[in-house]
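Please consult the sequence and the structure shown here while reading.

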Amino acid sequence: MTDDRSAAHHPPRARARLALVVATLAAVADAGAQEGHSQRELPPLVVSRSTGTAREGVAAACASEVYADQPPALRSLQPQGSDPPQPVPPKPAKGAVFRDRAGTCVVRATAHDAEPPPTFARNDFARRQPFNADSSYVLVYASGGYWHLYDARTLRYLKRLDGPAGDAEPQWHPTDPNTLYYLPTNGGLVLHALDVRDNQSRVAADFSGRLPWPDATHLWTKDEGSPSADGRWWGFQAEAGNDFAIRGYVVYDLATDRIVGTRAATIRPDHVSMSPSGRWFTSSGDEEGTWAWSPDFRSRKKLHHKSEHSDLAIGANGHDLYVSIDFQSARGDVFFVDVDACPSVPASKPAASVPECPRTVLFPTYLDGAHASLHFSGKAFANPGWVVVSSYDTQPMRSGGWPWYTNKIFAVELAAHPRMRTLGYHEVTRYAGYWTEPHASPNRTLDRVMFNSNWGTASADDVDDYMIVLRERALPLAARGAATPAPPAQGR
């Protein structure tokens, strides 16, 4: 059998993130000259091909025009066979619901040439939750460096948000649908809370003078991390000055306004995050690998020897799971690690002597020379045991066929023998750089998914945001396995 590692498609993460930061900084500078922007609200939008469902919203249009004669369950996805690209259908108008060839209801959510500043309007990242607590709002990042708010039920454009700009790392409050947390662009020493109804911000946390590094000026996750699912536990990397020199790691309890733990660091990671439970702080970088740390930084465990596209999710048993891909493995395995079940070692133990945590392989990607880039989203916290995967820039097999995962969005059960369900096709058939990556991300209940698309064009920035609307109970409950109870919090 031929070793497919020679055909591995390793995503150019460093170049992509650098391009994102450079483009965003330039965009923010440009946007700063546009203080005369209009905040006017647009008239209501017809959200379907018919005119009788505009007042009822997207869900009603999908129910009447797509799902009326369909059972609620999604089609099973078998990890085998070929799925060649199909002709791209005409680009839909904003608000027009249609039946995707996966059988799901899809609607174009934005029209970047008519609403926010032109060039693109997109879902920011697979690891960021685009929907607020009750899925009434959706967050959109646009060219110009600003963030915008849409009504998720009618797709009506509402406003440009005042405060967050560029890499502000906005995070929705887990229960208050009107509150959005954010940081200064590229991190700072203040965590803000924005009331999206009136665009007024307050200080949620101030870290000035509270860190063990007096010259630290930036606290952030480097754009890819999240707080715990309940919004209480936050993890940051601390950096100093305009060169963003790494100083260390910080875990913070928002509920008590208490810094739980800090640790000095000399190697800058690609990003950091808290796990959904808040039991673990994670650091991820190619030089040191991906680690889970107790919040007091006294113990740790090695999740992966590299830093790839990944996310943290909640398992059906309540454990924290790390989901990623191993491009260095013989088959390009997509896998998950049960973070809580992996034994910890003292943080002082030399890294080279710490074994990687046991992993569960979900599926291989190197199939007869085929390979792809993938993003993962574990943000469906209220529907544990599933991860949303978006594959893109898929390369064909040596035989000329196309692998089963070609350029699609699908849900994978986090289990040893996972069930899989196709959610839709993003129609990014000609990958044209970072902005065209689909970055599919669900709401907490996994009945809505946002994704990006340049819709069959070769454009690098003619990108809009699209929404997949699933029927209630479309995804089965994830397997409970042994139903192991979640472990108690550590190091607090």
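This is a predicted model: local features need pLDDT of at least 70, side-chain atom pairs count only at pLDDT 80 or more; totals for chains, interfaces and linings use all residues.

## Disulfides

The chain contains 2 disulfides. Counted along the chain, the bonded cysteines pair in the pattern 1-2, 3-4.

The link of Cys342 and Cys357 is left-handed, with -80° about the S-S bond. Both Cys342 and Cys357 are buried.

In soluble globular proteins, nonpolar side chains tend to be buried together. Here the largest nonpolar core has 41 residues, and the members that touch the most others are Ile409, Leu423, Leu446, Val449, Ile468 and Leu470. Two or more residues are given to this core by each of α2 (58–65), β1, β2, β4 (137–142), β25 (386–395), β26 (409–413), β29 (448–453) and β30 (464–469). Strand β30 supplies the largest share, 4 residues.

Leu446 illustrates the contacts of one such member. Leaving out residues up to four places away in sequence, Leu446 touches Ala380, Asn383, Trp386, Val388, Leu470 and Leu475. Apart from this core lies another, of 24 residues, which includes Phe336, Leu374, Trp404 and Leu414.

## Salt bridges

Side chains of opposite charge can pair when their charged atoms come close. A search of the whole structure gives 27 salt bridges. One of them joins Arg101 and Glu427, with 3.2 Å between the closest N and O atoms. The pair links distant parts of the chain, 326 residues apart: Arg101 is in the loop between β1 (97–99) and β2 (105–108), whereas Glu427 is in the loop between β27 (420–424) and β28 (441–442). Arg101 is partly exposed, with a relative accessible area of 33%, while Glu427 is buried, with a relative accessible area of 6%.

Asp447 and Arg448 also form a salt bridge, their closest N and O atoms being 4.0 Å apart. Asp447 is partly exposed at 26% relative accessibility, whereas Arg448 is buried at 17% relative accessible area. In the salt bridge of Arg473 with Glu472, the closest N and O atoms are 3.9 Å apart. Arg473 is exposed, with a relative accessible area of 63%, and Glu472 is exposed as well, with a relative accessible area of 61%. A network of salt bridges connects Lys91, Arg108, Asp462 and Asp464.

## A buried arginine without a salt bridge

Which side chain of opposite charge is nearest to Arg300, a buried residue that has no salt bridge? The nearest is Glu288, at a distance of 5.9 Å.

Arg300 is located in strand β18 (residues 299–304). The side chain of Arg300 does reach the backbone oxygen of Lys349, at 3.0 Å. Setting aside neighbours within four places in sequence, the contacts of Arg300 are Trp291, Ala292, Trp293, Ser344, Val345, Ala347, Lys349, Pro350 and Ala351.

Definitions and conventions
Residues are numbered from 1 along each chain as its sequence is written. Side-chain values use heavy atoms; hydrogens and water are left out. Buried means under 20% relative accessible area, exposed over 50%, partly exposed in between (1.4 Å probe, protein chains only). A nonpolar core is a set of buried Ala, Val, Leu, Ile, Met, Phe, Trp, Tyr and Cys residues joined through side-chain atoms within 4.5 Å. Contact means heavy atoms within 4.5 Å. A disulfide is a pair of cysteine sulfur atoms within 2.5 Å. Lys and Arg count as positive and Asp and Glu as negative; His and the chain ends are not counted. A polar contact is a pair of N or O atoms within 3.5 Å; within protein, one must be able to donate a hydrogen and the other to accept it, and residues adjacent in sequence count only if both atoms are side-chain atoms.
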